[in-house]
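Please have the view open while I talk.

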Amino acid sequence: MVDVSELIRVADHRARVAALVGVMPVVEPPLADCLGLVLARDLVAPIALPPFDNSAMDGYAVRAADVAAVPVTLPVAQDIPAGRAHVSPLEPGTAHRIMTGAPVPAGADAVVQVEWTDAGTSAVRVDRAVAAGQNVRRAADDVAPGSVVLAAGAGLGPAQLGLAAALGFGALPVRRRPRVLVLSTGSELVGPGAPLEPGQIYESNGVMLAAAVREAGGEAELLRFVPDDVGRFHEAVGPRLGSFDLLLTSGGVSAGAYEVVKDALSGRGVEFTRVAMQPGGPQGAGRYRGVAVATLPGNPVSAQVSFEVFVRPALRAAMGFARVARPTAVARLSSPIGSPAGRTQFRRGAYDPVSGRVVTPVGGPGSHLLSALAVSDCLIEVPEDVTELAGGAEVTVHMLHGG
Ligand SMILES: Nc1nc2c(c(=O)[nH]1)N[C@H]1C(S)=C(S)[C@@H](COP(=O)(O)OP(=O)(O)OC[C@H]3O[C@@H](n4cnc5c(N)ncnc54)[C@H](O)[C@@H]3O)O[C@H]1N2
Ligand code: MOO
């Protein structure tokens with residue numbers, strides 16, 4: 001029986017893994033590669049947006065005073081498509097045919113949309129008056145040059161990349177993606193396509209954890225798996241380790257006779273502990289040959305839940321995100337659940353925000369129940385000191401998407 005007073009707290013292990021991974025250096029990739037990354041410095045506008053007064057409509061640039069009394073016919077002195085570099089000033093009593101986005105000529109103070117005219121090309125009949133300023137988008141209306149348009153720490157989504165492109169940036173300063181080497185261990189593991197011999201299972205943690213790394217914004221290289229053999233472990237990891245920010249293993253860390261990860265890394269900078277959490281009790285963390293290491297337990301649900309609780313926040317922090325946790329919600333349990341004393345339990349659940357914020361436990365507490373995890377969308381947190389929760393009880397749920 002484990003003495004729960006000797007267990008490491010969830011928050012302490014999370015902080016330890018985050019400290020090991022640290023913060024990634026700043027790089028300047030091309031704009032198109034910045035999606036999902038975090039801006040490392042304030043983005044200051046080098047130009048105004050719009051850069052010049054331009055038309056919001058296809059129509060005719062005029063002086064509002066010239067079309068105050070309608071109908072009125074004005075000679076069309078010039079045609080101004082978007083992109084025109086040189087536009088001559090508008091003489092009083094004339095119109096310029098103008099397209100959306102084209103520069104408004106000096107002397108004009110409004111644009112009459114084409115629908116309010118007879119669409120003439122040498123002369124135009126204007127049927128409705130416009131006020132001064134109507135349909136004119138002023139220079140710097142959107143962005144003043146020299147202003148901070150995005151602050152350091154901003155997440156870069158489509159709109160932010162669009163804004164940066166509009167301001168003429170070809171690259172942005174961001175913290176680069178953490179590089180993670182993913183390795184599964186276990187002599188019982190075989191790859192897809194191989195027939196299953198008695199006692200063997202298909203390897204699943206590698207693909208799952210590499211996908212989890214990518215979903216978090218990191219880069220993953222999947223070394224797939226090695227048997228319970230310390231020599232094979234070092235052969236697989238040694239030549240590759242130097243190019244990574246984190247070695248992420250699964251399996252081989254508990255109390256058995258063949259604990260390859262523990263045997264390979266104990267006394268070499270990695271400490272193996274038990275965290276007050278279920279699933280995901282046996283954990284290891286440290287630094288091996290200068291590279292951060294997190295060793296997750298092998299049970300698939302334990303591995304994935306450990307990733308969510310310890311590794312994902314560390315990767316998000318490494319990329320510069322200020323908010324590293326997934327979105328949470330408070331929900332009512334649809335049915336009762338129990339939990340071991342002295343451990344934070346993360347049960348898999350299906351959250352329904354529509355029918356009054358209810359969460360339904362999916363599957364049991366067993367850390368081999370991968371199919372239940374696959375149809376869950378949240379983790380239900382049961383605090384350390386709680387052993388029974390009745391149906392209807394309020395719980396915190398951690399979403400498995402977003403954030
Ligand atoms: N005597 C004890 N036994 C166990 C303890 C304990 O405290 N005392 N803890 C249990 C808990 S909790 C967990 S979690 C596991 C963690 O064990 P390991 O990290 O050493 O993992 P393995 O023994 O290698 O594997 C556990 C389980 O998961 C399967 N597995 C492992 N890797 C993969 C993979 N890549 N793909 C699919 N499935 C995998 C493996 O076949 C085992 O069934 O230890 C408990 N035991
Ligand atoms: O900690 Mo283990 O993850 O309970 O199954």
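Predicted model: local features only at pLDDT ≥ 70, side-chain atom pairs only at ≥ 80, totals over all residues.

**Helix packing and ligand shells**

Helix α1, residues 10–21, packs against α6 at an angle of about 40°, and their axes are 8 Å apart; helices here are DSSP runs of H or I with at least four residues, numbered from the N terminus, while the axes are lines fitted to C-alpha atoms over the stretch in contact, with angles running from 0 to 180 degrees between N-to-C directions. That makes α1 oblique to α6, given that angles under 35 degrees count as roughly parallel, over 145 as roughly antiparallel, 65 to 115 as roughly perpendicular and the rest as oblique.

Residues are numbered from 1 along each chain as its sequence is written, and chains are lettered from A and ligands numbered from 1 in the order in which they are written.

Which residues of α1 meet α6? They are Val10, His13, Arg14, Val17, Ala18 and Val21, and their partners in α6 include Val309, Phe310 and Leu315, where contact means C-beta atoms, placed from the backbone, within 7 Å. The residues of this contact of α1 with α6 divide into 12 nonpolar, 1 polar and 1 charged, with Ala, Val, Leu, Ile, Met, Phe, Trp, Tyr, Cys and Pro counted as nonpolar, Asp, Glu, Lys and Arg as charged, and the others, Gly among them, as polar.

Turning to α3, its axis and that of α6 come within 10 Å and cross at roughly 25°, which makes α3 roughly parallel to α6. Among the residues that meet are Asn205 and Met208 in α3 and Pro300 and Phe307 in α6, and the contact of α3 with α6 divides into 9 nonpolar, 2 polar and 2 charged residues.

The helices α3 (205–216) and α6 (300–319) also each supply at least two residues of the shell around ligand 1. That ligand is surrounded by 27 residues, of which the closest are Ser184, Asn205, Gly251, Ser254 and Gly298, a residue being near if its C-beta atom, placed from the backbone, lies within 6 Å. The shell of ligand 1 divides into 9 nonpolar, 15 polar and 3 charged residues.

Technical notes: Contact = placed C-beta atoms within 7 Å.
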